[in-house]
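Me: Please take a close look at one part of this model, and keep to what can be read from it.

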Amino acid sequence: MQTTAIPAIESDAAIEIVRLNKWYGTFHVLRDIDLTVRRGERIVIAGPSGSGKSTLIRCINRLEEHQSGKIIVDGTELTHDLKNIDKVRSEVGMVFQHFNLFPHLTILENCTLAPIWVRKVPRREAEETAMHFLEKVRIPDQAHKYPGQLSGGQQQRVAIARALCMRPRIMLFDEPTSALDPEMIKEVLDTMIALAEEGMTMICVTHEMGFAQAVAHRVIFMDQGQIVEQNTPVEFFNNPQSERSRLFLSQILGH
Amino acid sequence: MSDTHSETVAFMRETMLPPQPPPLAQSGAIRWLRENLFSGPLNIALTLVGLGIVWLLVGAVGPWLTHSVWNAGSMAECRQIVAETWGQGATGACFALVKHRWNQFLFGFYPQALYWRPVLAFGLLFLALAPLLFSESARARRVVLGLALVLTLVVSAVLDAPGPALAGMAVAMLGWAALVEARPRPALLASLVYPFAAAWLLWGGSLWTEAMALAGFAMGFVVWRGLARFGLFAFALAVVAAAAWWLLLAGPLAAALAGVLPLRLQPVSSDQFGGFVLSITIGVAGIALSLPLGVILALARRSDLPVIKVLAVMFIEFIRGVPLITLLFVASLLLNYFLPPGTNFDVILRVIIMVTLFAAAYMAEVIRGGLAGLPKGQYEAADALGLDYWKAQRLIILPQALKISIPGIVSTFIGMFKDTTLVVFVGLYDPLKAMSDTIRASFEWKGAYWEPYIFVGAIFFVLCFGMSRYSMYLERRLKHDHR
Ligand SMILES: Nc1ncnc2c1ncn2[C@@H]1O[C@H](COP(=O)(O)OP(=O)(O)O)[C@@H](O)[C@H]1O
Ligand SMILES: [Mg+2]
């Protein structure tokens with residue numbers, strides 16, 4: 001797929017990150033990150049383990065706090081102001097490596113909980129929305145089961161549906177397929193591709209190169225807390241610029 | 001015998017042997033015994049020692065139990081009957097004591113004509129709990145409701161409740177049970193009112209006293225909801241409003257309302273409480289109050305706010321470092337020095353407060369264990385969905401943490417319920433020591449030693465075992481995750 005033209009609407013950035021720095025104690029995890037994500041843009045973040053990919057996207061919905069720099073999501077700057085944090089979180093959906101479904105609630109309840117309690121949507125309506133998205137990820141018939149009764153791939157698709165039920169404008173994925181058995185990776189990636197085709201703004205940390213080639217507008221390569229390289233997927237995979245990205249690609253494509 | 005082949009075949013078996021059971025040593029009880037009790041020298045030795053101990057116990061207690069006497073008017077009569085039936089020197093339990101004085105073990109010095117009131121309060125407890133404890137299983141809930149209703153009425157009738165009281169009871173209980181079945185959510189409100197109804201039934205007096213106490217809570221709640229957007233400030237104001245209500249308005253208002261419409265039950269004072277009425281009153285109140293307090297303490301101890309955290313740690317560690325008896329002494333003696341002279345702060349209420357604080361500290365640690373046992377991903381998922389701290393706690397974290405903690409929580413409940421017998425040290429009539437001593441002090445039952453303990457112990461066992469079984473039922477019911 002070569003339809004990787006970046007959306008032309010230059011004016012409104014979905015996410016703007018300016019000179020972002022973060023430390024864990026004395027450990028400098030993120031160094032001078034600058035990144036602008038346009039509305040409808042799809043970005044894949046790659047890089048070796050420990051390079052700060054998760055930390056970066058977790059800063060975007062304030063699961064991690066940054067120490068310097070600016071993060072503006074949909075026009076709202078993330079500061080200590082709890083109202084802003086709530087606003088950003090309700091517009092940004094997140095999918096985790098380990099699904100993090102709520103095991104004591106049914107699939108349907110997992111999907112309706114936040115709309116009902118955060119968005120104050122009437123229960124009936126929330127359930128309809130939930131069923132709509134569960135159909136989208138193709139597991140409507142599991143709605144009344146508990147997460148523990150589903151396979152990993154099904155759980156991850158529920159997690160995607162749960163995030164979508166909040167009608168987010170931006171979706172963050174943190175290695176959504178790396179805890180899955182190989183035969184389940186495809187069903188999750190297919191769901192994500194379908195989402196991409198609808199024009200959702202997406203930031204995915206993933207090493208699934210096929211997925212990156214199919215949907216990403218841009219691949220961002222991180223190492224040691226820095227953005228080392230960014231390019232279109234075709235360019236990045238065929239013609240990596242930096243030594244470190246070349247090494248990384250040879251490692252993940254090598255075997 | 002058929003003769004078709006008899007010429008060609010020398011022998012043909014025509015009747016099958018019936019299948020034989022496996023050799024005795026390979027199956028059933030003998031095999032079980034061999035595998036479990038006699039599998040090796042050490043095992044054989046332990047089994048023999050165990051059997052020896054059982055033999056000694058049965059030898060010592062068996063005759064005493066089998067010779068027990070149920071119909072006698074005094075200890076002396078018991079002994080005489082035992083001697084006549086089983087020969088001189090035989091020993092026998094004298095459960096006739098229980099038959100004569102069971103009511104004191106259960107009700108202490110509560111006026112006999114009013115026994116139906118604690119019974120009703122106890123029966124209503126199950127109506128109040130049914131929508132909480134059996135919310136998912138309609139069948140279990142109906143069984144509980146039905147049993148509570150029928151048993152309360154039957155027991156009250158047996159205990160000579162007056163006719164109008166019985167009729168009112170039947171109507172109220174039927175109505176409430178119907179409410180629980182038809183409208184579970186309003187029924188939860190009724191459960192909230194229950195403690196006040198129970199207090200009125202137990203202590204009697206004017207209904208308006210309890211009603212005004214309840215109104216104070218209601219007012220605090222309204223203030224808090226009305227100002228909810230001011231956060232903690234709203235909570236503080238609500239507390240102030242409720243306190244002002246109780247201290248300034250509740251008394252005069254209750255008196256005025258009683259003047260207009262006197263709804264009175266014959267008052268029963270706290271020193272007439274005793275036996276299981278006392279134990280269960282303290283135990284149930286302590287359990288109901290210590291769970292929420294324990295949750296708050298556990299959350300406070302994990303709080304990011306240093307002041308709150310330090311206060312919680314200090315409270316929990318202080319309480320856990322002090323024996324319950326000390327706290328009870330504080331409740332009964334020291335509080336009197338600190339309170340302004342003339343204040344009459346009910347002794348049972350004081351004991352309930354101390355028992356609650358004591359259990360809450362342990363409860364907090366149990367729940368903290370549950371909170372720590374939850375994966376971090378649960379907090380993150382709740383945050384990422386935009387749930388605020390309290391909603392995340394209430395909807396995601398606590399349901400799971402409490403579920404993990406059920407065994408510990410119920411153990412704390414059971415421990416606390418049994419600890420209510422310690423109130424004997426502050427002059428209250430607990431069933432185990434104070435009531436037994438009182439009964440033993442009478443002329444007829446002097447010399448009875450084990451019988452009261454066995455009776456009281458059996459009742460404690462039934463109640464505690466019931467709680468323990470319920471906790472297992474609850475664990476099974478909540479077992480959704482097959483991870
Ligand atoms: N809570 C934390 N405290 C201290 N160090 C952390 C914490 N979380 C992550 N790190 C460290 O920060 C670095 C980046 O982590 P992470 O963003 O998870 O990397 P990636 O997702 O790229 O594998 C790692 O070296 C990790 O050990
Ligand atoms: Mg990571």
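Where is the place of A:Arg138? Go on from there to the open sheet of chain A.

Reply: This is a predicted model, in which local features need pLDDT of at least 70, side-chain atom pairs count only at pLDDT 80 or more, and totals for chains, interfaces and linings use all residues. Residues are numbered from 1 along each chain as its sequence is written, chains are lettered from A and ligands numbered from 1 in the order in which they are written, and side-chain values use heavy atoms, with hydrogens and water left out.

A:Arg138 sits in the loop between helix 4 (123-136) and helix 5 (152-164) of chain A; helices (H or I, at least four residues) and strands (E, at least two) are DSSP runs, numbered from the N terminus. Its phi is positive, about 65°, although A:Arg138 is not a glycine. Most residues other than glycine have a negative phi. With 47% relative accessibility, A:Arg138 counts as partly exposed, a class that falls between buried (under 20% relative accessible area) and exposed (over 50%), with a 1.4 Å probe and protein chains only.

A second residue of this kind is A:Asp32, also not a glycine, with a positive phi of about 45°. A:Asp32 belongs to strand 2 of chain A and, at 38% relative accessibility, is partly exposed.

Five bridges join strand 1 to strand 4 of chain A, with A:Asn21 opposite A:Ser68. Strand 4 is joined to strand 5 by two bridges; A:Ile72 has A:Glu77 as its bridge partner. These two strands form a hairpin with two residues between them, and A:Asp74 in the turn has a positive phi of about 55°.

Helix 1 (residues 53-60) of chain A lies across strand 1, strand 2 and strand 4 (68-73), where contact means heavy atoms within 4.5 Å. The helix runs at about 125° to strand 1; axes are lines fitted to C-alpha atoms, for helices over the stretch in contact, and angles run from 0 to 180 degrees between N-to-C directions.

Definitions and conventions: Pairing = 2+ DSSP bridges.
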